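Please walk through the structure shown below.

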Amino acid sequence: MPELPEVEAVRSSLEPLICGQKIAKVTVHHEDVIAPLTSMAFCRALENSIISTVARRGKYLLVGVRDDASRENLLMVHLRMTGQLICEGAERPLKKHTHVVITLGNGKEIRFTDVRRFGKMVIFPGGDVSSDHGLATLGPEPLSDDFSPAYFYERLKNKKVRVKAALLDQGIVAGLGNIYADEVLFAAGVLPMRVCSTLSKAEVKRLCQCIKKILAEAVLHKGTTFRDYVDGEGKKGGHQDFLQVYQREDAPCYVCGRSIQRVKIAGRSSHFCSHCQK
DNA sequence: AGTGCGACCTGATCGC
DNA sequence: TGCGATCAGGTCGCAC
């Protein structure tokens with residue numbers, strides 16, 4: 001499931017392949033993923049533009065596109081759970097569930113594929129993302145200095161939700177999903193069901209440091225491929241070999257040997273070691 | 001206001 | 001073997 005490291009791997013792999021390319025043609029096979037625009041409006045907004053930048057905010061991929069009037073617009077792509085954005089030769093067969101194809105000036109194609117159609121592509125004219133609630137209220141980038149122990153403690157100290165839910169809250173910190181939230185809690189030695197307001201300053205500082213450490217490692221490994229995830233060249237990630245708790249229910253904890261447990265918190269399965277996490 | 005939870009969607013897997 | 005139920009999870013929208 002694409003979280004920050006996976007989206008960063010897509011971004012960094014796509015950037016050299018598509019930056020500077022002209023968008024020659026856009027084909028929409030399924031209008032769901034470009035809502036609320038119609039296919040015609042979506043294609044018209046992108047065709048003849050030049051791809052100028054490939055950036056990322058949290059789990060959002062932000063492709064800068066300059067139209068023929070030199071206006072800088074933004075194409076946002078959110079992969080949600082099963083989305084893939086791959087640049088490949090037009091001669092390669094189209095995968096099942098390919099919903100949008102962007103043909104570039106060099107003949108290659110950017111293909112948006114998503115089995116479950118949760119993913120979205122949205123155009124923001126002039127790059128103004130304020131109309132998108134999720135993007136407009138996104139918390140700080142976890143790998144930047146804006147995300148500090150002091151900031152994190154301020155956001156958590158009065159919260160009554162369980163810490164697992166807070167880690168998944170994109171308005172507090174951007175980019176964590178279910179896999180890395182569980183891994184961060186294990187690394188920090190904090191149980192996922194702890195209520196945020198009961199966390200000490202030291203625990204919040206550890207959580208902050210572990211978020212940075214785990215995400216940075218996963219970025220280096222080019223993400224975690226559990227099932228569907230691939231980068232912009234169709235390659236799998238390597239971080240799945242380093243997971244400590246996610247999807248390891250009943251398997252022995254690598255630190256203490258006791259069984260990893262699983263419970264539902266905030267509607268999501270949470271994996272933890274009841275001995276190593278307090 | 002803050003919090004919790006179902007809906008969205010389809011494929012894989014499980015149990016009978 | 002086959003069929004239905006359940007689960008996976010990021011974000012939105014609604015209910016309390």
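The C-alpha centres of domain 1 and domain 2 lie 28 Å apart. These two domains divide chain A into 4-135 and 149-272, with bounds that come from an automatic or database domain assignment. The model is a predicted one, in which local features need pLDDT of at least 70 and side-chain atom pairs count only at pLDDT 80 or more, while totals for chains, interfaces and linings use all residues. Residues are numbered from 1 along each chain as its sequence is written, and chains are lettered from A and ligands numbered from 1 in the order in which they are written.

Domain 1 and domain 2 each bring 19 residues to their contact, where two residues are in contact if their C-beta atoms, placed from the backbone, lie within 7 Å. On the domain 1 side, α1 (4-18) and β5 (83-89) each supply at least two residues; helices (H or I, at least four residues) and strands (E, at least two) are DSSP runs, numbered from the N terminus. The largest share of that side comes from α1, with 9 residues. By class, the side of domain 1 that touches domain 2 holds 9 nonpolar, 5 polar and 5 charged residues. Here Ala, Val, Leu, Ile, Met, Phe, Trp, Tyr, Cys and Pro count as nonpolar, Asp, Glu, Lys and Arg as charged, and the others, Gly among them, as polar.

Next come β9 (261-265) and β10 (268-272), antiparallel strands joined by 5 bridges. They form a hairpin with 2 residues between them, and A266 in the turn has a positive phi of about 55°. V263 stands opposite S270 in β10.

Strand β10 and α3 (133-136) each supply at least two residues of the surface near DNA strand C. In total 15 residues surround this DNA strand, the closest being M1, G134, G177, N178 and S269; near means that the C-beta atom, placed from the backbone, lies within 6 Å. This surface has 4 nonpolar, 6 polar and 5 charged residues.

Definitions and conventions
Pairing = 2+ DSSP bridges.
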